Amino acid sequence: MKTQTTTITVPAVEIEGISKSFGGHLAVHPLDLEIRENEFFSILGPSGCGKTTLMRMITGFERPSSGRVLLGGADVTKVPTRNRDLNMLFQSYALFPHLTVFDNVVFELRVRRVPKAEANLRAQEALELVKLAHLGDRKPDQLSGGQRQRVALARAVVSGPKVVLLDEPLGALDQQLRKEMQYELKRMQREVGITFIYVTHDQEEALTMSDRIAVMSEGVVQQVGGPEDIYNRPETRFVAGFIGSCNLLDVTVPAGSAGQETGAVLEGVGVLPGVLAEDLPREQAATLLLRPERIDARRDGDGVSGTVETLTFLGEEWHVHLAIGGRTIRVSLPSLVKERDLPGLAIGEELRIGWRPEDARIVIR
Ligand SMILES: Nc1ncnc2c1ncn2[C@@H]1O[C@H](COP(=O)(O)OP(=O)(O)O)[C@@H](O)[C@H]1O
Ligand SMILES: [Mg+2]
C-alpha cells in the first residue's frame, strides 16, 4: 500500500443529501455540497429556487426533510442554531435602534460573556474592519443604509464564527452602493478569514465576489465551480442562460460520430463546431451553448453565413443580430474590432461567423 502524504483538510461545511419538502412540494431536492475553509461561496439562482431554505437548513432554522449538515467535520443536523459556530446576516439588518453603533457590535460579545476589556477591543477591531471606527457613538438612524449594513457585518463577524451566512444582504441598497459593497465585502472576508456563504439572485454579484458558486434552479444544484468555470464551461442550458448572455441553439448530435469534438447539426444550416460537455447519445436532441463574445465575424472566408438584422452600439462593444437559417444568433464585437475589421458594417450585409470548437458546448436539451 502507498503511504498517503496529502494533508486532510476538513471542509468548513458539508451538506449530505439535504432536502426540504413543504407539504409535498420539494423546495430543495436532495443535494450534496462541500464548502471549504475560508471560502467565499455563493449560492446563485432565481427567486424561489430554494436558496433561503438551503441557508436556513445550514443555520438550523429549518429542519431538513432528509440528509445531514456537518460543520468542521461534526454532524450538527440536530444541534440548535445557537450552538452552531456560525452567524447570519440578513437583508433587513435589524440593529438595535436605541443602542450606539459600538454597543450594537459589542452586544454580541456581552451575550457570549466575553470579559469587558477584551470585548471592547474586539468590537473596536470589528468596526475598524468595516471602516466605521469613527462612528461608534452614533445611533443606527444617524447612518446611511450602507453604513448600517457595515455595522450588521461587524456584528456578524465580531465573535469570530467559523462561518457567516449572508442572504441577499445588499438587496436593499441602490446600484452604485451595491457595487462598492461587493468589493468591500470581499475585502473584509479575506481580512477576517471567515468562510462566507453568500446568497444572491444577481449573477454579476456572484461572479465578482465568489471563489466558487453553486448555481441553483428549482431546488436543484445545477453546477458548482469557480466564476470562470461556470461562465466559460456551463454544464446545463439553465446555467448558460442564467449567467451572462448566451446563444442557446437547438441542435442534434450527429449520428456515426465519435469523440467529444463532434459538432452538432443545426437544422437547415449544417454542422456547427462544438464540444460535447458530456457523453451524449448520437441523434440526441441537444443545445449548443455559444457566448456572443466568442464569435468571430468577417466579411469573407469560411464559416456559417448570416445576414445582419440589427446593429447596436453600446460603447465598449457592438451587439449584432444575425439571421441564420430562420434563427437569430447574437454576436458581440469589441468596438475596436468592429472599427478595424468591419468598417461601415450595415444592416442587410452578409457576414461569415466562426468560433473555436471548445467555445461551443453541447449539452442535453
Ligand atoms: N415555510 C414555508 N412553507 C411553505 N413553502 C415554503 C416555505 N418556505 C419556502 N417555501 C417555498 O419553497 C420554495 C423555495 O423558497 P426559498 O427558499 O425562499 O427561495 P429563494 O430564497 O431562492 O427565493 C418556494 O417555492 C417557496 O414558496
Ligand atoms: Mg430567499
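Predicted model: local features only at pLDDT ≥ 70, side-chain atom pairs only at ≥ 80, totals over all residues.
**Entry 1. Domains**

I began with the domain division. The protein splits into domain 1, residues 13-232, and domain 2, residues 245-364. I looked up the distance between their centres, taken over C-alpha atoms, and noted 40 Å.

**Entry 2. The four-stranded sheet**

I went next to the sheet that contains S1. It is an open sheet of four strands in the order S2-S1-S4-S5, and its pairing is antiparallel. Which strands stand at the edges? I noted strand S2 (25-35) and strand S5 (74-75); each has a single partner strand, so one side of each is left without a neighbour in the sheet.

I then took the pairs one at a time. Strand S1 (residues 13-22) runs antiparallel to S2, and seven bridges join the two. As a reference point I marked valine 13, whose bridge partner in S2 is isoleucine 35. Helix H1 (residues 51-59) packs on this sheet, where it touches S1, S2 and strand S4 (66-71). I wrote down about 120° between the direction of H1 and that of S1.

S1 also pairs with S4, again antiparallel, through five bridges. Here I marked glutamate 16, which has arginine 68 as its bridge partner in S4.

I checked the turn between S1 and S2 as well. The hairpin has two residues between the strands, and glycine 23 takes a positive phi near 50° there.

**Entry 3. The six-stranded sheet**

The other sheet I looked up is also open. Its six strands follow the order S6-S7-S8-S3-S9-S10, and the pairing is mixed. Strand S6 (86-89) and strand S10 (220-225) are the edge strands, each pairing on one side only. From one strand to the next, the twist averages 15°.

Within this sheet I followed S7 and S8. Strand S7 (residues 163-167) and strand S8 (residues 195-200) run parallel and are joined by five bridges. Valine 164 stands opposite phenylalanine 196 in S8.

I looked for what covers these strands and found H4. The helix lies across S6, S7 and S8, and runs at about 170° to S6.

**Entry 4. H4 against H5**

I kept H4 in view and turned to its contact with H5. Helix H4 (residues 145-157) and helix H5 (residues 175-192) have axes 11 Å apart and pack at an angle of about 20°. The two are therefore roughly parallel to each other. Their crossing is right-handed.

Which residues of H4 and H5 meet? From H4 I listed Gly146, Gln149, Arg150 and Leu153; from H5, Leu177, Met181, Glu184, Leu185 and Met188. By class, this contact has five nonpolar, two polar and two charged residues.

**Entry 5. H4 against H2**

H4 also meets H2. The axes of H2 and H4 cross at roughly 25° and come within 8 Å. That angle makes H2 roughly parallel to H4. I noted a right-handed crossing for this pair.

On the H2 side, the residues in contact are Val101, Asn104, Val105 and Glu108. They meet Val151, Ala154 and Arg155 in H4. I counted the classes as four nonpolar, one polar and two charged.

**Entry 6. H2 against H3**

The last pair I looked up was H2 with H3. Helix H2 (residues 101-111) and helix H3 (residues 116-129) pack at an angle of about 130°, and their axes are 9 Å apart. H2 is therefore oblique to H3. The crossing is right-handed.

H2 brings Val101, Phe102, Val105, Val106, Leu109 and Arg110 to the contact. H3 brings Lys116, Ala119, Asn120, Arg122, Ala123, Gln124, Ala126 and Leu127. How do the residues of this contact divide by class? I noted nine nonpolar, two polar and three charged.

Reading the H2 lists together, I see that Val101 and Val105 meet residues of H3 and also residues of H4.

Notes. Residues numbered from 1 in each chain as written. Chains lettered and ligands numbered in written order. Heavy atoms only, no water. Axes fitted to C-alpha atoms, helices over the stretch in contact; angles between N-to-C directions. Parallel < 35°, antiparallel > 145°, perpendicular 65-115°, else oblique. Left-handed = near helix turned anticlockwise from the far one by under 90°. Contact = heavy atoms within 4.5 Å. Nonpolar A, V, L, I, M, F, W, Y, C, P; charged D, E, K, R; others polar. Domains from an automatic or database assignment. Pairing = 2+ DSSP bridges.
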